Amino acid sequence: MKRALTLIFLALATPLAAHDTTAGSLHIDHPWMPVPTATAKSAAGYMVITNRGHEADELVEVHSAFADQTMLHTTEHADGVAKMTHIMSLPIAPGETVTLEPDGLHVMFMGLQGKTAEGDLIPATLVFRNAGEVAVEFAVDAMDDHSDHSGH
């Protein structure tokens with residue numbers, strides 16, 4: 001009986017754990033995006049990437065059929081104005097954790113190819129210099145769900 005309960009628990013827990021991805025020494029934790037407005041032409045995506053290995057890696061590209069173009073951006077502030085800037089790649093040193101979050105580093109989906117609702121999963125591919133292509137899904141979540149990242 002105990003074994004059966006354990007198997008049931010593991011089966012129920014699997015979808016929750018499936019939102020994290022490991023590729024080589026990289027751990028990608030909870031890719032997500034806030035629900036875009038109905039008329040949005042772009043959306044931002046966030047996640048946490050940890051390099052648990054001994055070699056550096058680098059996120060060099062992101063692509064998704066959800067958008068015409070997908071880029072890595074950073075947000076810079078000058079004179080009280082926030083400006084998004086395209087970055088060519090995102091280095092991840094050994095033992096380092098890089099957080100893509102609102103008002104900072106993020107994935108920018110431009111030219112959205114459809115509507116989304118809370119709970120949807122948006123497929124994308126992260127391309128790393130060493131780990132190669134990694135399939136992920138960005139969970140469409142309410143922004144309120146991410147005001148405290150301590151659980152991720």
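Predicted model: local features only at pLDDT ≥ 70, side-chain atom pairs only at ≥ 80, totals over all residues.

Student: Is Thr70 buried or exposed?

Tutor: Residues are numbered from 1 along each chain as its sequence is written, and side-chain values use heavy atoms, with hydrogens and water left out. Buried means under 20% relative accessible area, exposed over 50%, and partly exposed in between, with a 1.4 Å probe and protein chains only. Thr70 has a relative accessible area of 13%, so Thr70 is buried.

Student: Where does Thr70 sit, and which residues does Thr70 touch?

Tutor: Strands (E, at least two residues) and helices (H or I, at least four) are DSSP runs, numbered from the N terminus. Thr70 belongs to strand β5, residues 67-78. Taking contact as heavy atoms within 4.5 Å, and not counting residues up to four places away in sequence, Thr70 touches Val62, His63, Ser64, Val107, Met108 and Phe109.

Student: How many helices and strands does the protein chain have?

Tutor: Reading from the N terminus, the elements run α-β-β-β-β-β-β-β-β-β-β-β. The secondary structure therefore comes to one helix and eleven strands.

Student: What percentage of the residues count as buried?

Tutor: The protein chain has 152 residues. The share of them that counts as buried is 40%.

Student: Why is the pair of Trp32 and Tyr46 tilted?

Tutor: Rings of Phe, Tyr and Trp (its six-membered ring) pair if their centres lie within 6.5 Å; planes under 30 degrees apart count as stacked, over 60 as edge-to-face and the rest as tilted. The whole structure holds three aromatic pairs. For Trp32 and Tyr46 the ring centres are 5.0 Å apart, and the pair is tilted because the planes stand at 45 degrees.

Student: And what kind of pair do Phe66 and Phe109 form?

Tutor: Their ring centres are 5.8 Å apart. The planes are at 70 degrees, so the pair is edge-to-face.

Student: How many residues apart in sequence are the parts that this pair ties together?

Tutor: Both Phe66 and Phe109 are buried. Phe66 lies in the loop between β4 (57-63) and β5, while Phe109 is in strand β9 (residues 106-112), so the parts tied together are apart in sequence by 43 residues.

Student: Which residues do ring pairs link into a cluster?

Tutor: Phe66 and Phe109 belong to this cluster. Its members are Phe66, Phe109 and Phe138.
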